[in-house]
Amino acid sequence: MAYKLGIIGTNWITKQFVQAAHESGQYALTAVYSRHEDTGRQFAQTFNVDAVYTDLESFYTSGINVVYIASPNSVHFEQVKAAISHDIHVIVEKSAFSNPTEYAAILELLHDHPAVRLFEAARHIQQANFKIIEKQIAKMEKISGATFVYEKYSSRFDDYLAGNEPNVLSRRFSAGALTDLGVYPIYAAIKLFGAPKQSHYFATPLRNGADGRGIAILRYNDFDVTIEFGKGSNSHLTSEILGRRDTLVIGDIAEVLNVTYYDDGGTAHQLSQEPLSNPMIAEVVKFADMMTNPNETVEAYQELLTLSRTVNQVLFDLRQDAGIVFPADEQ
């Protein structure tokens, strides 16, 4: 039986998610929520869906049993809270919540609704090539350090340069380079190496106080991970994980398209597989399995939840280090 899927947010990533969900055969889009009916109806027509809502309560009582949320970061908390209160499974885009206080409140609510599953949609760590990276790291004698790069010119940066304040570059929406792009390599680093002992963030501020780019350093016991990201330029640098004499080179830490291992003699070994046509397929299949088989997957689910909460804490710590405050932090 396919899960009855509702979506919040009508941008490109939502379309990609619905396509992956349908391709998996385990979901069927049945309801669309948007603040603007015209926008919601236009999106719904793409998938031959009639049920479009501008009222969140009506949306959550429409019969859906899982919701995918890709709205601005600052409204995730209230939308997720309402979904859990209606016993609806949640898949929320990163960054899931603005700060650890919000996350703690959600975990408390989940305790009162034990049948509900909450997932943060970090698609890259579920892809086959990321699993290959994990396996290769386990074989490496020593990890000496890593550098992850994800710098990509935002389609909204021109709007910012024109004097406006787009959502993805606004502290009001709990956004900026760290929470929008930096979350990808930070998720990867924590999945691969665990929580850092210390973290520091050297942010390049925009005129509105949000971060346009920056360099984060995650300190571990005997190595550092340097993470460079930004929304106002394009980088073509690869990412690297350093061994002793060997090196793992990753073409794109967010898309994980190319993985090459250089052994201690300098010989290159191509490890990556041809990626799936839709990078979200692996995660939608995994989430469906965890919702369908909660008892059999409880340990794996708790690991994902712990990882998500750790990422949330590290993002918050980095913002604190750089002096970046969201309005949500003061509520």
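## Basis of the model

Because this is a predicted model, local features need pLDDT of at least 70 and side-chain atom pairs count only at pLDDT 80 or more, while totals for chains, interfaces and linings use all residues. Residues are numbered from 1 along each chain as its sequence is written, and side-chain values use heavy atoms, with hydrogens and water left out.

## The largest pocket

Rolling a probe the size of a water molecule over the atoms shows where empty space is left. On a 1 Å grid over the protein atoms alone, a pocket is an open set of points with protein on both sides within 12 Å along at least five of seven lines, whereas a cavity is a set of points where a 1.4 Å probe fits but cannot get out; lining residues have an atom within 4 Å of a point. Grid points are joined across faces, edges and corners, and a volume is the space filled by probe spheres set on the points.

The largest pocket holds about 1300 Å³ of space. Its lining is made up of 38 residues, and Asn11, Trp12, Ile13, Ala70 and Val168 are those that lie nearest its centre. Two or more residues of this lining come from each of helix H1 (12-24), helix H4 (76-85) and helix H8 (177-193), and H8 gives the most, with 3 residues. Helices (H or I, at least four residues) and strands (E, at least two) are DSSP runs, numbered from the N terminus. By class, the lining of the largest pocket has 16 nonpolar, 13 polar and 9 charged residues, where Ala, Val, Leu, Ile, Met, Phe, Trp, Tyr, Cys and Pro count as nonpolar, Asp, Glu, Lys and Arg as charged, and the others, Gly among them, as polar.

## Helix H8

The 17 residues of H8 reach 22 Å from the first C-alpha to the last, close to the 24 Å expected at 1.5 Å a residue, the expected span being 1.5 Å times one less than the number of residues. At Val183 the helix H8 bends by about 55°, and a proline, Pro185, follows within four residues; the bend is the angle between axes fitted to the seven residues ending at a residue and the seven starting there.

Of the 17 residues of H8, 15 are buried, so the helix is largely enclosed by the rest of the structure. Buried means under 20% relative accessible area, exposed over 50%, and partly exposed in between (1.4 Å probe, protein chains only). After H8 comes Gly194, whose phi is positive, near 90°.

## The cavities

The structure holds 2 cavities of 30 Å³ or more. The largest cavity has about 90 Å³ of space, and its lining includes Tyr103, Tyr187 and Ser308. Strand S6 (118-121) and H10 each give two or more residues to this lining, which divides into 8 nonpolar, 2 polar and 1 charged.

The second largest cavity has about 50 Å³ of space. H10 gives the most to its lining, with 4 residues, and the lining as a whole divides into 4 nonpolar, 5 polar and 1 charged.

## Two single residues

Thr297 has its place in the loop between helix H9 (281-292) and helix H10 (298-322), and it is buried, with a relative accessible area of 10%. Not counting residues up to four places away in sequence, Thr297 touches Asp289 and Met290, contact meaning heavy atoms within 4.5 Å.

Glu330, found in the segment after H10, is exposed, with a relative accessible area of 64%. Its C-alpha atom is separated by 13 Å from that of Phe316, 14 residues apart along the chain, and Phe316 is one of the residues that line the second largest cavity.
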